[in-house]
Amino acid sequence: MSTLTTAAYLVSSVLFILSLRGLSHPSTARRGNFLGILGMTIAIVTTLSNPGVLSYKEIGIAFLIGGLIGTSIAVKIQMTALPQLVAAFHSLVGLAAVFVAASAYYNPSAFNIGTVGSIPIGSLIEMSIGTAIGAVTFTGSIIAFGKLQGFVSGNPLVFKGQHFINLLLGLGIIALIVKFCIDQNQELFWLIVFASFVIGVLLIVPIGGADMPVIVSMLNSYSGWAAAGIGFTLSNNLLIITGALVGSSGAILSYIMCKGMNRSFLNVLLGGFGGEQAASAGGVKDDRQAKQGNAADAAFMMKNSKTIIIVPGYGMAVAQAQHALREMGDLLKAAGAEVRYAIHPVAGRMPGHMNVLLAEANVPYDEVLELDEINRDFSETDVAFVIGANDVTNPAAKTDKTSAIYGMPILDVENAGQVFFVKRGMASGYAGVQNELFFRDNTLMLFGDAKKVCEDIIKGLEN
Amino acid sequence: MSEISNQLESLSYKAQQIANEASQLASSVAETSGGHSDFIIFGITVLVLACFVGYYVVWSVTPALHSPLMGVTNAISSVIIVGALLAAGPVDSNISKYFGLVAVTLAAVNIFGGFVVTNRMLSMFKKKQ
């Protein structure tokens with residue numbers, strides 16, 4: 001690699017770091033994204049100027065096809081479907097890593113790693129590890145995509161001996177890699193790919209739909225490590241640095257999500273949490289009656305409130321209620337109330353999903369606050385309006401040691417003067433735990449579709 | 001005149017031979033030294049340091065922008081296209097090249113898709129007026 005090429009790759013790496021750095025504040029974020037595009041352009045142009053790269057026409061066509069597909073998907077996608085989109089994109093990075101490794105195996109001279117059948121052992125190790133991670137990322141992301149999109153049931157699929165099979169497969173892959181590094185046999189290469197495909201599926205099927213934020217972040221991390229693995233094969237620092245950035249980013253996001261649910265990463269990975277099973281096991285019959293209100297009551301009470309905090313959750317996204325909700329907020333502001341939004345770390349199906357949906361509905365970002373920023377204010381708030389969230393407001397997380405969600409940080413909506421709870425029915429949340437809050441004196445349930453309820457309240461406010 | 005050109009031709013032929021020998025020697029040296037074993041430890045150094053950079057940079061990202069963060073990291077992880085381009089580069093067509101071209105296409109979907117969707121998300125974040 002020439003000095004100039006190395007220098008250009010270094011510039012790209014720095015631009016990628018600055019691009020992530022830009023995301024520390026919404027005002028610098030767009031510049032950050034631009035720096036990322038610049039870094040990628042430099043990386044591609046530099047590689048194209050490599051003397052070994054000559055087939056510009058075919059490359060151009062492939063690049064154009066991919067670019068068109070990517071752009072048209074990204075322009076059309078609905079913001080509620082972001083998690084699936086990201087999962088689908090991760091699968092492509094994984095598959096691309098497998099193809100690059102396969103290509104390096106069949107034509108190592110293009111990568112300066114010896115000739116067919118006599119690839120140095122170091123390169124073989126890197127190549128096979130990169131392949132395995134890429135293949136796991138590919139099928140794992142496809143399953144995650146299916147669960148989020150609804151092609152595959154969101155319920156955890158658990159069967160006996162599952163973890164034992166995974167362990168055997170994992171050991172099998174390691175054995176295959178060792179054998180491959182000795183024999184350099186092409187059947188072994190494809191066996192590694194196949195076994196990794198299988199383990200990718202098996203790892204994700206036992207994990208429930210609402211644990212997907214952790215899984216999407218984890219696969220984000222994997223796609224980075226796959227890129228870093230290929231970076232070792234190519235002796236390319238740019239790929240290693242970028243892979244490490246993406247890998248640590250995904251890992252940190254997974255950690256934040258796990259902490260938001262007070263569960264260990266291992267507990268999420270082992271799966272089986274939530275879904276119908278947990279709901280039937282933990283959904284104890286409750287004879288207590290929750291107080292039910294209607295939209296007109298809610299409109300009247302909120303109109304006469306000074307401070308209101310809205311707590312949105314995944315149910316808001318499902319009902320596409322964000323626009324109606326913002327309109328309701330605007331009317332309340334016009335009536336003289338201070339309206340703010342409180343976001344729990346695991347609200348939605350991917351990290352930060354609620355923030356994007358509210359931003360899409362034109363809610364200014366300085367009205368949207370995180371748990372630590374706003375939790376203390378509930379006690380001085382007249383009305384807490386919970387829409388599409390459930391477990392993240394359950395006070396049992398603080399008091400009931402036997403509860404499945406004990407220890408999870410929650411939004412203290414119970415401290416507000418009046419709580420409105422928009423829900424379709426009395427069903428328990430994802431964790432299968434009954435929410436204590438429904439039976440409090442200061443709680444009024446507003447049953448119905450989230451969007452419909454908001455629209456009814458808007459009508460009430462306009463009268 | 002023709003003599004000089006003949007001499008030049010034979011000279012260039014010799015130069016070519018020497019170059020070939022040198023490259024053979026270099027590759028045999030590389031093979032005996034285990035390929036690029038020097039790079040492995042260098043690469044690990046870079047990897048570890050980059051993980052630290054990633055750790056500090058990502059913790060400074062505001063939670064409100066965690067979705068765009070995933071969009072950007074998704075796009076930049078497609079820097080794997082560097083490997084795909086090298087694989088697709090040679091003129092002669094073989095299986096290796098086709099694998100490379102497929103990888104170029106997949107990575108391009110991600111690069112464009114990732115950056116465009118991130119830009120869409122970020123353009124929606126507005127301050128109070």
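Predicted model: local features only at pLDDT ≥ 70, side-chain atom pairs only at ≥ 80, totals over all residues.

Colleague: How many bridges join β5(A) to β6(A), and which way do they run?

Modeller: Five bridges, and the two strands run parallel. Strands here are DSSP runs of E with at least two residues, helices are runs of H or I with at least four, and both are numbered from the N terminus. Two strands pair if DSSP finds at least two bridges between them.

Colleague: And what about β4 of chain A and β5(A)?

Modeller: β4 (residues 383-387) also pairs with β5(A) in the parallel sense, over five bridges. There, Ile387(A) has Val422(A) as its bridge partner.

Colleague: Is strand β5 of chain A enclosed or open?

Modeller: Largely enclosed by the rest of the structure, because six of the six residues in β5 (residues 418-423) are buried. Buried means under 20% relative accessible area, exposed is over 50% and partly exposed is in between, with a 1.4 Å probe and protein chains only.

Colleague: Which residues point which way from β5(A)?

Modeller: Gln418(A), Phe420(A) and Val422(A) point one way, Val419(A), Phe421(A) and Lys423(A) the other, and all are buried.

Colleague: Switching to rings. How many aromatic pairs are there over all chains?

Modeller: The count is 18. Rings of Phe, Tyr and Trp (its six-membered ring) pair if their centres lie within 6.5 Å; planes under 30 degrees apart are stacked, over 60 edge-to-face, and the rest tilted. One of them is Phe63(A) with Phe112(B), edge-to-face at 5.5 Å centre to centre and 65 degrees between the planes. That pair joins two chains, because Phe63(A) lies in helix α3 (residues 56-76) of chain A and Phe112(B) in helix α5 (residues 95-124) of chain B.

Colleague: Which residues do ring pairs link into a cluster?

Modeller: Phe99(A), Tyr105(A), Tyr106(A), Phe180(A), Phe189(A), Trp190(A) and Phe99(B).

Colleague: New topic. Where does Asp211(A) lie?

Modeller: In the loop between α7 (186-204) and α8 (212-234) of chain A. Asp211(A) is buried at 0% relative accessible area, and its side chain makes a polar contact with that of Arg263(A) at 2.9 Å. A polar contact is a pair of N or O atoms within 3.5 Å; within protein, one must be able to donate a hydrogen and the other to accept it, and residues adjacent in sequence count only if both atoms are side-chain atoms.

Colleague: Last one: which residues line the largest cavity?

Modeller: Among them are Asn355(A), Tyr365(A), Ala64(B) and Phe125(B). A cavity is a set of points, on a 1 Å grid over the protein atoms alone, where a 1.4 Å probe fits but cannot get out, and lining residues have an atom within 4 Å of a point. Helix α15 (residues 353-360) of chain A gives the largest share of that lining, three residues.

Methods. Residues numbered from 1 in each chain as written. Chains lettered and ligands numbered in written order. Heavy atoms only, no water. 1 Å grid on protein atoms, 1.4 Å probe; cavity = no way out; pocket = protein on both sides within 12 Å on 5 of 7 lines; lining within 4 Å.
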